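User: I am new to this structure and would like to learn how to read some of its features. Please take me through them one at a time.

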Amino acid sequence: MISPNKSPKSRLSLIDSYFKISERGSNLRREIVAGLTTFLSMVYMVVVIPNMLGQAGFNGGAIFIATCLVAAFGSILMGVWANLPMAVGCAISLTAFTAYSLVLGQGIPIPVALGAILLMGLIFTAVTITGARQWILNNLPLGIAHGTGIGIGLFLLLIATNNVQLIVANSAGLPVKLGDVTSLPVIATIIGLAATIGLESKRVPGAILLVIILLSTFGLIFDPQVSFQGIAAMPDFGAKDSLIGQFDLMGALNPALLPVVFALVITAIFDATGSIRALAGQANLLDASGKIIDGDKALTVDSISSIFAGFVGGTPAAVTIESAAGTAAGGKTGITAIVVGLLFLFMLFFSPLSHLVPSYATAPALMYVGLLMLSNATKLKMDDRVDALSGLTCAIFIVLSCNIVTGITLGFTTLVFGRLFSGEWKKLKPGVVIIALCLIGFYVGGWAI
């Protein structure tokens, strides 16, 4: 606890010491800018997630509150306890599964679905505390670890370009095609990406954030789709449609629902673990042996956040890949994550402002980060062809399937069978084989999300 009698200089010194700001080669201003950059890159979720769950009958206002609370709780805990620049939020993939598969597809009542999320969080946390997730992380081959980073980079590029309709679904032939390059969002995105690359190459402080602010201002002035809808709005925590504490845990314990909970747990384990490893590598927060600094705490935070999500009426939580925007902006400590969490708390009272950041304002940041993450390809060691090409298999199928777990599964499968066919079976660790068999069984059993 910092004494109120200490001078501002002493307080800054204590903050620097606790968060290891100087030790990690950063400064307070850079951490705050990185936090704001991450927040602006992921604030879209307070609009997207309520819209998705609203289609399944969830109250939009209640989901908005839950989404903000989950991001605030998880990010602040990540910053204060794990001291890592990784923001936590409701996972978009698991949100889609909750809305379209659980509630709409299987007709599961909303309280029971929330109970399943809470149960998933409890199991997820137990798996983490017992060290099983750390064991998985320790048995992640280097090729697949780097391949996950490449794949997430490609995934970010696909998400960003699709959000602004630069790349769109194709009705015939190949699955995707070029969108309308003359549309305002596409032109703004391309110019924004060029500006981001140019300003970052000149090392302009806060370049990514600056581009987001400029494009948002441009949208407010020239884009009729971006409108000022007010500044403040009081959240209604006590509304009759509030989802806080409305979970039905006993209903979720129904044997018929246990496969659903199992699918949520396995998906969360590999999705979040792969993301955390990739982000830590991006921020140079790996020790000499390649392990994540305070990685055990990071793994625990996102699992505990899923318990909290089930309690407040949100969807499963995870470290967001948009955190890479903050690490690209220079974030290296937990202050980055704390800033994100505090901003989401403020967003509870300033919900109209979320509509002032159009998708083309944040798309260049995500595209830039995605391009940076492709540098993981230079870390692949082609003298060990099986390891390197298994990593690339992981990367390619993350983006082709739009699923991190699918990419990791195919990476492990290729690695194990590649070692066998090449006669290099002695290089296989027992842990790698066990993980590969579990993942193959997960998909063959039809539990994959």
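Analyst: This is a predicted model. For the second largest cavity, the lining divides into six nonpolar residues, two polar ones and no charged ones.

User: Which residues line the second largest cavity?

Analyst: The lining is made up of Ile136, Leu137, Leu140, Phe270, Thr273, Gly274, Ile408 and Phe412. The volume of the second largest cavity is about 50 Å³.

User: Which elements supply at least two residues of that lining?

Analyst: They are α7 (132-138), α12 and α18 (404-421). Of these, α12 gives the most, with three residues.

User: How many cavities of 30 Å³ or more are there?

Analyst: The count comes to two. The largest cavity has a volume of about 60 Å³. Its lining consists of Ala91, Ser93, Leu94, Met120, Phe124, Thr267, Ala268, Asp271, Ala272, Ala317 and Ala318. Two or more of the lining residues come from each of α5 (92-105), α6 (110-129), α12 and β4 (317-319). The largest share, four residues, comes from α12.

User: How do the residues of the lining of the largest cavity divide into nonpolar, polar and charged?

Analyst: Eight are nonpolar, two are polar and one is charged.

User: Now the aromatic rings. How is a pair of aromatic rings described?

Analyst: Two values are used, the distance of the centres and the angle of the planes. In this model there are eight aromatic pairs. One of them joins Phe218 and Phe222, with 5.1 Å from centre to centre and 40 degrees between the planes, and this pair is tilted.

User: Where do Phe218 and Phe222 sit in helix α10?

Analyst: A general point comes first. An α-helix has 3.6 residues a turn, so residues three or four places apart point the same way. In this case, Phe218 and Phe222 are separated by about one helical turn because they are four residues apart in helix α10 (residues 207-222). Phe218 counts as partly exposed, at 30% relative accessibility, whereas Phe222 counts as exposed at 53%.

Another pair has a different label. The ring centres of Phe262 and Trp447 are 5.4 Å apart and the planes stand at 85 degrees, so this pair is edge-to-face. Distant parts of the chain are linked by the pair: Phe262 is in helix α12 (residues 258-282) and Trp447 is in the segment after α19 (430-444), 185 residues apart.

User: Is Phe262 buried, exposed or partly exposed, and what is its relative accessible area?

Analyst: Phe262 is partly exposed, because its relative accessible area is 37% and the buried class ends under 20% while the exposed class starts over 50%. Trp447 also counts as partly exposed, at 38% relative accessibility. Phe262 and Trp447 belong to one aromatic cluster with Phe442 and Tyr443.

User: What span should helix α13 have, at 1.5 Å a residue?

Analyst: Its 18 residues (295-312) should span 26 Å, and the end C-alpha atoms are 26 Å apart, which agrees. Among the buried residues of α13 are Gly295, Ala298, Leu299, Val301, Asp302, Ala309 and Val312.

User: What covers the buried residues of α13?

Analyst: The cover includes α4 (60-82), β1 (88-90), α6, α7, α12 and β4. Just after α13, Gly313 has a positive phi of about 95 degrees.

Note on methods: Residues numbered from 1 in each chain as written. Predicted model: local features only at pLDDT ≥ 70, side-chain atom pairs only at ≥ 80, totals over all residues. Heavy atoms only, no water. Phe/Tyr/Trp six-rings, centres within 6.5 Å; stacked < 30°, edge-to-face > 60°. Buried < 20%, exposed > 50% of the residue type's maximum accessible area, 1.4 Å probe, protein only. 1 Å grid on protein atoms, 1.4 Å probe; cavity = no way out; pocket = protein on both sides within 12 Å on 5 of 7 lines; lining within 4 Å. Points joined across faces, edges and corners; volume = space filled by probe spheres on them. Nonpolar A, V, L, I, M, F, W, Y, C, P; charged D, E, K, R; others polar. Expected span 1.5 Å × (residues − 1). Contact = heavy atoms within 4.5 Å.
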